[in-house]
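Dear colleague,

I am handing over the structure below, and after it you will find what came out of going through it. Please keep it open beside this email as you read.

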Amino acid sequence: MKKIRGTYAFGRYIPMSAHKAQRVINQIRGRSYEEALMILTFMPYRACYPIFNLIEAAGANAEHNRGFDTTELMISKVEVNKGTKRKKIKPRAQGRNSIIKRPTCHITIVLQKPFFLVQLGNDIFPLSKKDTQQIWYAAKFSNSRMLDDIIFRLIMKGELKIY
């Protein structure tokens, strides 16, 4: 079986603390590409904007370099690491100064076409009489959020019928 590789986007020296970025990252980890963009659009935190840009960059990389459809991509890995501290000098009274240390962080985002989507593409389409059995078999190796997403897409396209 061929190994599926992800598409990366790196953000270096993003001017915020790693803890603030981590709070936002925890909300989008494991979600689909479109769902993550929607969540970041409506969250009120300052950290959302650079993370939104990184996810869009990773989606553009996946579409241009690998030929993936962005609607099928999931966020498989997201990392936030502490970066170096920027130092600024603030002038003080009587010719003195103090140093202000501003934290930075590095963010790594990996978008990947989920394994079960590839399996569904190979095994199920066109759907046979045993479509539900094959979907559950393919979903045995994935988490429930991904399964809900693929079943919803199949229902909306009309390729899967609920009796």
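The model is a predicted one, in which local features need pLDDT of at least 70 and side-chain atom pairs count only at pLDDT 80 or more, whereas totals for chains, interfaces and linings use all residues. Residues are numbered from 1 along each chain as its sequence is written, and side-chain values use heavy atoms, with hydrogens and water left out.

Of the 163 residues of the protein chain, 38% count as buried, meaning under 20% relative accessible area, while exposed means over 50% and partly exposed lies in between (1.4 Å probe, protein chains only).

In helix α1 (residues 18-28), the buried residues are Ala18, Ala21, Val24, Ile25 and Ile28. They sit on the same side of α1 because they cover an arc of only 130° around the axis, the arc being that of the directions from the helix axis to the C-beta atoms. These buried residues of α1 pack against α2 (33-42), α3 (48-66), β2 (74-82) and β5 (105-112), where contact means heavy atoms within 4.5 Å.

One loop residue also deserves a look. Gln94 lies between β3 (86-91) and β4 (97-102), and its phi is near 60°, a positive value in a residue other than glycine. Most residues other than glycine have a negative phi. At 70% relative accessibility, Gln94 counts as exposed.

Best wishes

Definitions and conventions: Helices (H or I, at least four residues) and strands (E, at least two) are DSSP runs, numbered from the N terminus.
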